[in-house]
Amino acid sequence: MSLDIQKIRAEFPVLHQNVQGKPLIYFDNAATSQKPRVVTEALVAYYNGYNANIHRGIHTLAEKATVAFEETRSTVQQFIGAESLEEVIFTKGTTEALNLIATCYGKTFLKAGDEVIISNLEHHSNIVPWQFACEATGAKLKVIPINEAGELDMDEFRKLLTARTKIVSVVHISNALGTINPVKEIIKLAHGVGAVVVLDGAQSAPHLDIDVKDLDCDFYVFSAHKVYAPTGMGVLYGKKALLNAMPPYLGGGEMIKEVSFEKTTFNVLPYKFEAGTPNIADTIAFKYGLDYVQQLGKRNIAQHENQLAQRATEGLQTIKGLRLVGTAKEKASIVSFVVEGVHHLDIGMLLDAQGVAVRTGHHCTQPLMKRLGIEGTVRASFAVYNTTEEVDYFVRKTAEIVEKLR
Ligand code: 7TS
């Protein structure tokens, strides 16, 4: 099915503005996507209509808020194909979810001499929490190397896997390069040595069909704000047996069964990991973002975005001195590049002056940049509301900027 992009654009008020006197072209979707009206309206509807704290209230507003909040949990469950609602934990986002796993699973079960494997493609939020866990337990952090195209070296991965490997935590789609990792194979291999697998789905949840049961990953995490939903909201999916074996993360209200000064017992899943008053409004609005994606169809969205990325790739390749960074065979709609002799920041600033929002820098993947021998890239990332006209304008302006600066 081909999507009516103009109709879709009409649902995103933020897109219809000028920046620096030029119509906004928003190509920073890997950082965060814009929100359709249904999402912002859901926030307003909650605050203006039924703002109340959830779960503990017996009054009407509390009941209504609780129902709406829990509806999001079932929507997420369907969105990722989780077996049960208990396996869907709400967090502040990908970062918090990864920290939770590294703390509650990593620090609890890792021992000195054990090994955790991550990859050279990881976002800092899938590196630093594992460093904390390894430092605390004496486990070792190992890194899957990549080739020049930005693909994981699977032969090296096989060699890294041993009986000492307890956790493999990898990104599903690289935010800096767009590489889609062969996660099914990774999971199978890791399970072969008895390791659990964590998938950082921050970039895959918006673009790929996710079925955690089919993938057989042990944990899958993502952020709402990259899926057309609010910031400050995310998901930790974990297999029930693992979540049950893990101690709680934060202590406080909601996560307890009974508290005395002598001993506290904990609530059942998923509440054991949801201490305190949660982000109620954003959780409620999250459902509307996911429903919006489901209505359009993820495959239709991805098809459109991939066409845009392909067009951008072809156009950018004709620019002298420009080099694409990340040329994996399996790639999502993220296009990163550098230009010889020109700083990425300058290109980003001059594109902004033309109304084009791109991201420049290391994209929170400093070890990856170091491996590639660069400081950073210019990154354009696409969403369903972007158009071919926008891509053509971006390519033309990039060519002019590069011509001027080289
Ligand atoms: N993992 C990946 C692969 C990401 O792309 C990001 C955010 C995170 C983890 C962290 O997510 P958060 O929602 O908790 O911040 N990536 C980006 C980006 O590429 N530009 O800005 C944020």
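Reader: How many cavities of 30 Å³ or more does a search of the whole structure find?

Author: The search finds 1. This is a predicted model, in which local features need pLDDT of at least 70 and side-chain atom pairs count only at pLDDT 80 or more, while totals for chains, interfaces and linings use all residues. Residues are numbered from 1 along each chain as its sequence is written, and side-chain values use heavy atoms, with hydrogens and water left out.

Reader: What makes a space a cavity and not a pocket?

Author: On a 1 Å grid over the protein atoms alone, a cavity is a set of points where a 1.4 Å probe fits but cannot get out; a pocket is an open set with protein on both sides within 12 Å along at least five of seven lines. Lining residues have an atom within 4 Å of a point. The largest cavity has a volume of about 40 Å³, a volume being the space filled by probe spheres set on the points, which are joined across faces, edges and corners. Its lining includes Asn-29, Gln-203, Lys-226 and Phe-382.

Reader: Why is the largest cavity said to lie between domain 1 (5-30 + 297-405) and domain 2 (41-294)?

Author: Both domains give residues to its lining, so the cavity lies between them. The domain bounds come from an automatic or database domain assignment.

Reader: What is the volume of the largest pocket, and which residues lie nearest its centre?

Author: The largest pocket has a volume of about 320 Å³. Of its 21 lining residues, Ala-30, His-123, Asn-175, Gln-203 and Lys-226 lie nearest the centre. The space taken by the ligand is this largest pocket; a molecule sits in a pocket if more than half of its atoms lie within 2 Å of its grid points.

Reader: Which residues come nearest the ligand?

Author: Thr-95, Asp-200, Gln-203, Ser-223 and Arg-379 do, out of 16 residues around the ligand. A residue is near if one of its heavy atoms lies within 4 Å.

Reader: What makes a pair of atoms a polar contact?

Author: The pair must be N or O atoms within 3.5 Å; within protein, one must be able to donate a hydrogen and the other to accept it, and residues adjacent in sequence count only if both atoms are side-chain atoms. A side-chain N or O atom of Arg-379 is 2.7 Å from a ligand oxygen, and one of Lys-226 is 2.9 Å from a ligand nitrogen.
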